[in-house]
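Dear colleague,

Here is the structure I said I would hand over.

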Amino acid sequence: MKDKIERVSLWHVALPVSTPRDHGIGLVAGNVEVVVLRIRTASGIAGWGEASPWPVFTGTPEATLSAIQRYLAPLLIGRCVSEIPAIMQLADKTIVGHPEAKAAVETALLDAFGQLCGQPVWALLGGCCRGEIPLSVSLADPEFARDLDLADRIRDAGVRIVKVKTGTQGHEFDLNRLERLKKDFPEFDIRADYNQGMQSFEAMRRLQDLDSFELGFIEQPVPALNRMVMAQLCASINTPLLADESVFDLPQAFEAARDEICNGISVKIMKCGGLRRGQQIAAVAESAGLPCYGGDMFETGIAHLAGTHMIAATPNISLGCEFYQATWYLEEDLLETPFPIENGKVQVPVEPGLGASVNEGALKKYARNACEVG
Ligand SMILES: [Mg+2]
């Protein structure tokens with residue numbers, strides 16, 4: 001297991017997207033920006049990771065690139081890829097926050113270690129509890145007609161879960177969209193996500209309006225820090241309430257369970273800083289009887305794969321995943337082969353490491369900045 005890391009390469013890329021997407025905390029249009037990391041070992045193994053920051057949610061790509069280049073990459077040079085817990089503990093001591101940067105580093109280490117052992121990443125995380133994961137596609141287009149077209153296309157592709165991004169254009173717009181989707185797509189499990197877009201003052205009455213749609217869950221209606229309001233809503237509506245922005249890390253997961261602010265938690269490797277930390281959050285949630293959902297940021301197939309391996313190894317992340325962007329949002333993904341989705345379900349890879357290779361031509365094509373350490 002002695003295979004030392006010799007070089008770290010980084011790319012800040014801007015990837016064109018097909019349509020605008022409107023969320024409670026911000027609009028995304030034109031392109032999404034991610035940071036891709038590659039570690040190269042003495043034996044020639046390449047391990048890949050991705051950081052997918054969003055300035056209104058987790059952080060910026062510029063700060064992420066700088067955090068890895070200046071503070072995290074030097075921790076990797078000369079270390080063995082098997083030293084994942086020690087390296088990640090050092091990362092936490094070296095730089096506060098920057099969970100997306102740490103997720104990228106840990107993903108690359110797991111990818112490389114898996115290739116070294118000849119095992120998929122899920123095997124390094126405890127083994128596999130599911131071979132496929134039900135996929136949810138988010139409907140977030142400011143033009144609802146375009147979302148109806150997308151809903152048709154994903155239904156034809158076997159998708160049976162949609163998440164409507166609510167709280168952006170008024171309560172009536174949300175009620176009308178949910179009513180239309182409920183009528184035209186009876187086979188869908190429909191969920192709603194406010195991304196903190198609702199004022200706490202008005203939340204109770206408006207969420208009670210949504211109870212009649214029997215949604216799968218309602219995600220993060222009010223601002224992240226309004227945890228007391230989350231607890232009041234959770235106790236007062238019939239629809240399960242999911243915490244997303246209110247739970248980034250382990251202490252917040254503990255507090256969410258203790259204070260009964262939600263019925264479930266969205267686990268994202270970009271919020272908590274990696275796959276192993278995501279498993280720990282799922283375990284804390286499980287201790288309180290709260291199931292978890294495999295959330296994501298604006299990601300490429302690289303980060304989708306990292307999340308897929310985490311969910312494959314974690315029974316309590318049981319509410320599906322939303323790894324749809326590589327397939328239905330980006331104009332071009334960074335993977336050589338399409339991110340694996342069949343009949344509306346993400347297929348868990350069985351190859352060593354993450355189980356896919358990165359298209360370095362696409363990386364260079366969309367790079368805004370690149371650098372190397374080592
Ligand atoms: Mg969310």
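A residue is called buried here if 20 or more other C-beta atoms lie within 10 Å of its own, exposed if 12 or fewer, and partly exposed in between, with C-beta atoms placed from the backbone. By that count Ile77, with 14 C-beta neighbours inside 10 Å, is partly exposed.

Two notes on the source. This is a predicted model, in which local features need pLDDT of at least 70 and side-chain atom pairs count only at pLDDT 80 or more, while totals for chains, interfaces and linings use all residues. Residues are numbered from 1 along each chain as its sequence is written.

Ile77 sits in the loop between helix H1 (61-76) and H2; helices (H or I, at least four residues) and strands (E, at least two) are DSSP runs, numbered from the N terminus. Setting aside neighbours within four places in sequence, Ile77 is in contact with Ile5, Val373 and Gly374, contact being C-beta atoms, placed from the backbone, within 7 Å. Leu181 lies 104 residues from Ile77 in sequence, and their C-alpha atoms are 52 Å apart.

Helix H3 covers residues 99-117, and its end C-alpha atoms are 26 Å apart; this agrees with the 27 Å that its 19 residues should span at 1.5 Å a residue (the expected span is 1.5 Å times one less than the number of residues). Of the 19 residues in H3, 18 are buried.

H2 (residues 84-94) packs on H3 at an angle of about 165°, with the axes 11 Å apart. Axes are lines fitted to C-alpha atoms, for helices over the stretch in contact, and angles run from 0 to 180 degrees between N-to-C directions. H2 and H3 are therefore roughly antiparallel (over 145 degrees; under 35 is roughly parallel, 65 to 115 roughly perpendicular, the rest oblique). On the H2 side the contact is made by Ile84, Ile87, Met88 and Ala91, and on the H3 side by Lys102, Val105, Glu106, Leu109, Leu110 and Phe113.

The axes of H7 (residues 200-210) and H8 (residues 227-236) come within 10 Å and cross at roughly 10°, so these two helices are roughly parallel. H7 contributes Ser200, Ala203, Met204 and Leu207 to the contact, and H8 contributes Val229, Leu233 and Ser236.

Regards

How values were computed. Two residues are in contact if their C-beta atoms, placed from the backbone, lie within 7 Å.
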